[in-house]
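My notes follow the model below.

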Amino acid sequence: MEKIVIITGGSRGIGAATARLAAQQGYSVCVNYRQNREVANKVTEELKELGSTAISVAANIAIESDVIRLFNTVDERLGKLTALVNNAGILEPQMRVEQMDSDRLNRVFATNVIGGFLCAREAIKRMSTKHGGVGGAIVNVSSGAARLGSPGEYVDYAASKGAIDTLTIGLAQEVADEGIRVNAVRPGFIDTEIHASGGEPNRIERIKEFIPLKRGGKAVEVARAILWLLSSEASYTTGSFIDVTGGK
Ligand code: NAP
């Protein structure tokens, strides 16, 4: 069966590493991104060089009509979806909860939570045996922050990832007998550009001594866990979590 995956936020960081590994493992890949077309197209060209059928689609996952267009584009250009990596996520400058306004909270929850739900919904419509699909797999990219809470940095972000953990548990059971497995990875301290959005590009350097493995992780180290959860090697695993946090 042809393997077709949508990776939200696939143009950079963990998403791009996942896209490369998926291409190497024979997937046709849709690289979704929000705004940076040049970077997304560069990743897509790399995937094609790896022999994959790859497309990039700009869509803001926080906007319902964008999500619908993203999935419709994949139907038309790649074929029947078999996998979703719910990876796109944002965080905002570090601050305490007492300083957070509702605009910020709405932005974080709209992308990290509502976006994840909307993409899962569209994937289920295509993959569920209840809707005539052949099944598939969803991997949600949560965060170790869901367990740790990120005090003084971004409790809002951590709480949004807590919601993704709960989505993973509930949805896994909801669609278990419809051929769909739903799991999550919880990365932590991975060397990507997301830390610059928090106002501290060198955050990992500051905290690495508190990580049991004494270093930050690489995006590909998260991608390997994602690809395993998507694969038939994980055929009896659903509603599960893999922490990729260097032991923290
Ligand atoms: P990143 O380097 O900042 O990349 C973010 C990606 O998401 C980009 O491709 C970006 O596209 C896209 N994106 C952002 N908002 C979007 C939206 N509304 N709609 C569609 N695409 C959107 O992030 P990362 O570090 O690889 O993180 C990926 C995931 O892992 C996130 O869910 C993050 O919370 C989680 N995570 C990361 C770490 C870490 O240490 N890095 C730790 C735990 C969890 P544009 O560039 O076009 O905006």
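I began with Phe71, which I located in helix H3 (residues 64–77); helices (H or I, at least four residues) and strands (E, at least two) are DSSP runs, numbered from the N terminus. The model is predicted, so I took local features only at pLDDT of at least 70 and side-chain atom pairs only at pLDDT 80 or more, while totals for chains, interfaces and linings use all residues. Residues are numbered from 1 along each chain as its sequence is written, and side-chain values use heavy atoms, without hydrogens and water.

I recorded Phe71 as buried, because its relative accessibility is 1% (buried means under 20% relative accessible area, with a 1.4 Å probe and protein chains only). Beyond neighbours within four places in sequence, I found Phe71 in contact with Ile6, Leu81, Leu84, Cys119, Glu122, Ala123 and Arg126 (contact means heavy atoms within 4.5 Å).

I next turned to the largest nonpolar core, which has 33 residues (a set of buried Ala, Val, Leu, Ile, Met, Phe, Trp, Tyr and Cys residues joined through side-chain atoms within 4.5 Å). Val5, Tyr27, Val29, Leu47, Val185, Ile226 and Leu230 touch the most other members. I noted that at least two residues each come from several elements, including strand S1 (4–7), helix H1 (13–24) and helix H9 (219–230). H9 gives the largest share, 8 residues.

I then listed the buried residues of H9, among them Ala219, Val222, Ile226 and Leu230. I found that the buried residues of H9 pack against S1, H1, S4, S5, strand S6 (180–187) and strand S7 (241–244).

Notes
Buried < 20%, exposed > 50% of the residue type's maximum accessible area, 1.4 Å probe, protein only.
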